[in-house]
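Student: I am new to this structure and would be grateful for a close look at a single part of it. Could you please take me through that part in one connected account?

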Amino acid sequence: MTSPHTITIEPAPGPVTVAFAGETVADSERPLVLREAGLPPVYYFPPDDVRAELLSPTDLHTRCPFKGEASYWTVTVGDQRADCVVWGYPEPLPGVEEIRGHLAFFADRVEVTES
């Protein structure tokens with residue numbers, strides 16, 4: 001018997017900052033933390049807490065059977081860029097609506113600091 005795929009979403013216990021190439025890209029007192037079976041926790045940032053001027057949309061889209069279709073962005077700081085390092089779910093599936101419009105970062109490609 002297999003267990004159901006579980007996803008939980010809750011407010012992070014404190015502020016979280018994301019930096020790339022020495023520049024703050026996201027800084028939030030109110031990120032969400034998504035925990036998904038078998039994966040490390042992921043912070044999702046409200047769009048107002050992310051520096052949109054450092055992001056550029058990409059053509060990449062992927063589909064998660066549990067969260068829906070993800071869109072991706074590249075971060076550029078000066079002459080350094082990280083392609084498709086940011087993602088979000090503009091129209092998430094039922095059960096994970098809280099992440100609608102929020103943005104997440106691949107933690108192994110940026111610096112994430114929990115306060």
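Tutor: The residues that line the largest pocket of this predicted model divide into 17 nonpolar, two polar and three charged. The pocket itself has a volume of about 440 Å³. Its lining comprises 22 residues, and those closest to the centre of the pocket are Pro40, Val42, Tyr44, Trp87 and Phe106.

Several strands take part in the lining. At least two residues each come from strand 4 (32-36), strand 5 (42-45), strand 6 (55-64) and strand 7 (68-77). The greatest contribution is that of strand 5, which supplies four residues.

Strand 4 deserves attention next. Four of its five residues are buried, so that strand 4 is mostly covered. On one hand, strand 4 pairs with strand 1 (residues 7-11) in the antiparallel sense, over five bridges; here leucine 32 of strand 4 has proline 11 opposite it. On the other hand, strand 4 pairs with strand 5, again in the antiparallel sense, over three bridges. In this second pairing, leucine 32 stands opposite tyrosine 44 of strand 5. Tyrosine 44 has already been named among the residues closest to the centre of the largest pocket. Strand 4 and strand 5 together form a hairpin, with five residues between them. Within the turn, glycine 38 has a positive phi of about 80 degrees.

Because its relative accessibility is 17%, under the 20% limit, aspartate 49 counts as buried. Its side chain makes a polar contact with the side chain of arginine 30, at 3.3 Å. If residues up to four places away in sequence are not counted, aspartate 49 touches Val25, Ala26, Asp27, Ser28, Glu29 and Arg30.

Strand 6, another contributor to the lining of the pocket, holds threonine 58. Threonine 58 has a relative accessible area of 19% and is therefore buried, since the limit is 20%. The side chain of threonine 58 reaches the backbone nitrogen of leucine 60 at 3.2 Å. Apart from neighbours within four places in sequence, threonine 58 is in contact with Tyr72, Trp73, Thr74 and Cys84.

Key. Residues numbered from 1 in each chain as written. Predicted model: local features only at pLDDT ≥ 70, side-chain atom pairs only at ≥ 80, totals over all residues. Heavy atoms only, no water. 1 Å grid on protein atoms, 1.4 Å probe; cavity = no way out; pocket = protein on both sides within 12 Å on 5 of 7 lines; lining within 4 Å. Points joined across faces, edges and corners; volume = space filled by probe spheres on them. Nonpolar A, V, L, I, M, F, W, Y, C, P; charged D, E, K, R; others polar. Buried < 20%, exposed > 50% of the residue type's maximum accessible area, 1.4 Å probe, protein only. Polar contact = N/O pair within 3.5 Å; in protein donor to acceptor, adjacent residues only side chain to side chain. Contact = heavy atoms within 4.5 Å. Pairing = 2+ DSSP bridges.
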